[in-house]
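Here's a quick briefing on a protein model, with the cut-offs spelled out as we go. Have the viewer open and follow along.

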Amino acid sequence: MKYFNNVIYLDYNATTPIDNRVLDAMMPFLTNEFANANSTHQFGVHAYEAVKSARVQVSELIGAEAHEIVFTSGSTEAINLAIKGVAENYQSKGKHIVTVSTEHSAVLDTCQYLETKGFEVTYLSVKADGLIDLNELKTVLHDDTILVSVMLANNETGVIQPIKEIAELSHGVGALFMSDATQAVGKIAVNVDELGIDLLCLSGHKLYAPKGVGALYVRQRMNRVKIPALLHGGGHEKGLRSGTLNVPGIVALGEACAISKRELSKNAESIGALRDYLETELLKIEGTTVNGNTSSRLFNTSNILFRGADSDVVIMGLSNPENDLPLIAVSNGSACTSASIEPSHVLTAMGLDEVAAFSSIRFSIGKFNTKKEMDIVIDAVKNVVSSLRSMVS
Ligand code: PLP
């Protein structure tokens with residue numbers, strides 16, 4: 001097995017390392033305290049209590065109540081459960097769903113699947129800065145719209161949509177409002193009541209918990225949402241998600257939520273300063289621009305277009321084992337679609353041509369990064385981009 005011990009990791013939107021405190025919290029449930037949370041003996045009751053505390057921790061991070069949280073294997077499952085569930089349960093009201101062309105593939109592919117089942121889906125466009133046009137939303141909403149699904153923050157650009165306004169407009173026609181908050185929860189303050197969110201998904205591995213655990217928030221107070229299960233079986237999670245509970249993962253998610261709630265503003269300040277420093281320096285390279293709105297944006301994300309520099313080649317240059325530098329991990333597009341050779345659907349929806357989309361790189365920063373790392377990255381990117389440009393000119 002190969003270990004990478006000299007890595008500068010700037011791909012936190014793809015996944016995060018596990019916080020040691022999270023690992024400490026989950027470890028007993030991977031070892032001695034391995035009981036099934038549904039067993040009625042005391043050993044099982046202890047595991048059940050741990051899940052119960054985690055449910056409170058997750059709910060507190062998003063201003064929900066514990067009974068509104070359904071644990072899942074991650075955001076993809078939560079999104080499927082929410083969108084397919086609303087489609088099934090509310091189709092007597094209508095069969096129209098609204099989403100945005102820059103959503104994550106988990107939302108887009110689920111909506112495309114529903115189109116094959118007779119649902120009509122409107123994919124809103126975005127402006128050049130990645131924000132939707134609220135007037136366009138107003139014109140597509142109808143009495144038969146049952147669901148509007150708009151992500152809180154974009155995984156590629158960090159652009160934050162005007163969620164509160166979107167929720168109000170959706171509720172105006174009696175539609176439910178769902179938000180994929182996978183990239184926002186744990187980074188910025190999210191309150192489902194203040195924002196008017198009826199369904200929200202979050203994922204452990206984006207906030208320093210392990211992969212394979214996440215949650216769906218399903219509103220049960222004021223405008224109760226009813227959805228059927230995707231997975232049938234033992235009736236876990238109030239019948240919404242059967243399957244033996246992933247106790248260590250759930251405990252980890254709870255702890256990660258509690259930590260991020262406590263450290264939200266500290267992280268925003270320190271990570272934001274690093275991102276701003278990195279971005280300012282990289283923009284000094286000729287022929288560079290930031291993709292996406294820079295005022296309504298996550299503090300940790302910078303998506304930069306380097307004209308005349310193919311991003312795949314830049315990424316390879318930054319992670320070349322033959323140079324003496326640490327491996328620098330950055331990305332172009334979402335990790336979930338990076339196996340495809342299509343240009344980023346997010347950037348092309350914002351009006352970038354294919355060449356520009358293929359010349360853009362996402363830097364996403366996290367709490368373990370340092371200023372020293374930024375300096376190494378700045379120098380490395382400057383070198384790689386200029387040698388690449390000199391080769392093609
Ligand atoms: N939605 C967004 C915005 C994401 O960034 C991701 C992960 O890349 C997902 C959904 C899918 O999350 P998960 O990996 O938990 O299934």
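A surface patch here is made of residues with over 30% relative accessible area and no salt bridge, with like charges joined within 9 Å and nonpolar side chains (Val, Leu, Ile, Met, Phe, Trp, Tyr) within 5 Å. This is a predicted model, so local features need pLDDT of at least 70 and side-chain atom pairs count only at pLDDT 80 or more, while totals for chains, interfaces and linings use all residues. Residues are numbered from 1 along each chain as its sequence is written, and side-chain values use heavy atoms, with hydrogens and water left out.

**Charged patch and nearby topics**

- Glu 115, Glu 120, Asp 143 and Asp 144 form a negative surface patch. For the charge count, Lys and Arg are positive and Asp and Glu negative, with His and the chain ends not counted. A charge is placed at NZ of Lys, CZ of Arg, CG of Asp or CD of Glu.
- Asp 143 sits in the loop between helix H5 (134-140) and strand E5 (145-149). Helices (H or I, at least four residues) and strands (E, at least two) are DSSP runs, numbered from the N terminus.
- Asp 143 has a relative accessible area of 64%, so it is exposed. The classes are buried under 20% relative accessible area, exposed over 50% and partly exposed in between (1.4 Å probe, protein chains only). The areas themselves come from the Shrake-Rupley method.
- Thr 116 is in the loop between helix H4 (105-115) and strand E4 (120-124), and this residue is exposed too, at 60% relative accessible area. From Thr 116 to Thr 145 is 29 residues in sequence and 17 Å in space, C-alpha to C-alpha.

**Salt bridges**

- How many salt bridges does a search of the whole structure find? The count is 14, where a salt bridge is a side-chain nitrogen of Lys or Arg within 4 Å of a carboxyl oxygen of Asp or Glu.
- Glu 237 and Arg 55 meet at 2.8 Å, N to O. The pair links distant parts of the chain, with Glu 237 in the loop between E8 and helix H8 (247-282) and Arg 55 in helix H2 (residues 42-61), 182 residues apart. Glu 237 is buried at 10%, and Arg 55 is buried at 16%.
- Arg 297 bridges to Glu 279, with the closest N and O atoms 2.8 Å apart. Arg 297 is in the loop between strand E9 (288-290) and E10, and Glu 279 is in helix H8, 18 residues apart. Relative accessible area is 10% for Arg 297, so that residue is buried; Glu 279 is buried at 9%.
- Asp 276 pairs with Arg 275 at 3.0 Å, N to O. Asp 276 is partly exposed at 39%, whereas Arg 275 is buried at 7%.
- Glu 68, Asp 193, Asp 198, Arg 219 and Arg 221 are joined in a salt-bridge network.

**Aromatic pairs**

- The structure holds five aromatic pairs. Rings of Phe, Tyr and Trp (its six-membered ring) pair if their centres lie within 6.5 Å; planes under 30 degrees apart are stacked, over 60 edge-to-face and the rest tilted.
- Tyr 208 and Phe 368 have ring centres 5.7 Å apart and planes at 85 degrees, so they are edge-to-face. Tyr 208 lies between strand E7 (199-203) and strand E8 (214-218), and Phe 368 between strand E12 (360-364) and helix H12 (371-392), so the pair ties together parts 160 residues apart in sequence.
- Tyr 208 is buried at 11%, while Phe 368 is partly exposed at 40%.
- Phe 306 and Phe 363 are also edge-to-face, because their centres are 6.3 Å apart and their planes at 70 degrees. Phe 306 in strand E10 (residues 301-306) and Phe 363 in strand E12 are 57 residues apart, and both are buried.
- Tyr 9, Tyr 12, Tyr 208 and Phe 368 make up one aromatic cluster.

**Backbone and packing spots to look at**

- Tyr 208 has a phi near 75 degrees, a positive value in a residue other than glycine.
- Met 222 also has a positive phi, near 45 degrees. Met 222 is in the loop between E8 and H8 and is exposed at 58%.
- Is Leu 298 buried or exposed? Leu 298 is buried, with a relative accessible area of 0%, and its place is the loop between E9 and E10. Leu 298 and Asn 154 are 144 residues apart in sequence but 8.5 Å apart in space, C-alpha to C-alpha.

Methods
Accessible areas come from the Shrake-Rupley method with a 1.4 Å probe; for residues, only the protein chains shown count as cover.
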